[in-house]
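Biologist: Could you show me how to read the pairing of strands, and then what lies against a sheet?

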Amino acid sequence: MAHYLGLDGFRGGWVAAFIDDDGRHGFDYSPHLGRLLSMPYERAMIDMPIGLKTSGHRNCDLAARELVGASVFLGARRNMCEFPDQRSANRYYWQHEGPGTGVSCQLWNIRDKIREVNAFITPEAQAMIGEAHPELIFRNLAGGARLDGKKSARGRDQRVRLLEGRGFVRLAKWLTHRFGTGIGCDDLIDACACAVAARDSTARLGGDETDPRGLRMEINY
């Protein structure tokens, strides 16, 4: 039975949601990405940039931002983790690439997760493990309709209902059972969205760029 895996990062590590062709589903979490990706799966999607430029913005991020706005973080680069703090990183990017090329607080805060993913993924592994973006997935599931903000109660309920319609019928209960794990509501919801994309996605943005390691820069949804 084929299993499909969706992953998202949270402060304490990674959360993975999985679903199979018969609708059996569950979730797990770990400090280490490798343990979760050691589970058997047909295809996996992860909400984290795969393929990093040495400078500038990825084409797939620019295209995604046109569709879903600022939920897409711009500026993930290979050397981002070399700086001691965000101020130093932005000073360098502004000097070498120009105004508006710095990194946001949100992107800076996930830099270690980005590094972990890109150390793990190889061009060969991209045949089974892809990058996804939950807000693009939800936009697709909603037929292009605009949802309320994901931090609002109504927006969260909209997303849960869309995922229930795709087989994650226990998600609402899971959200009440995650306390003590460190997993946020949004983290678990986004992992489920990535699992749906792993099973159902045929659309993507980008794919025309590769990074110095040969990783494709593309976002599946």
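Biologist: Which residue stands opposite Ala17 in β3?

Modeller: In general, strands of a sheet pair through backbone hydrogen bonds, either parallel or antiparallel. Here Ala17 stands opposite Phe27, and β2 and β3 (residues 25-30) pair in the antiparallel sense over six bridges. Two strands count as paired if DSSP finds at least two bridges between them, and the strands (E, at least two residues) and helices (H or I, at least four) are DSSP runs, numbered from the N terminus. This is a predicted model, in which local features need pLDDT of at least 70 and side-chain atom pairs count only at pLDDT 80 or more, while totals for chains, interfaces and linings use all residues. Residues are numbered from 1 along each chain as its sequence is written, and side-chain values use heavy atoms, with hydrogens and water left out.

Biologist: In what order do the five strands form the open sheet?

Modeller: The order is β3-β2-β1-β4-β5, with mixed pairing. β3 and β5 (129-131) each have a single partner strand, so one side of each is left without a neighbour in the sheet. β4 and β5 pair in the parallel sense over three bridges, and the bridge partner of Ala44 in β5 is Ile129.

Biologist: Which residues of helix α5 are buried?

Modeller: Buried means under 20% relative accessible area, exposed over 50% and partly exposed in between (1.4 Å probe, protein chains only). In α5 (residues 111-120) the buried residues are Lys113, Ile114, Val117 and Asn118. Seen down the axis of α5, they fall within an arc of 125°, so they line one face of the helix, where the arc is that of the directions from the helix axis to the C-beta atoms.
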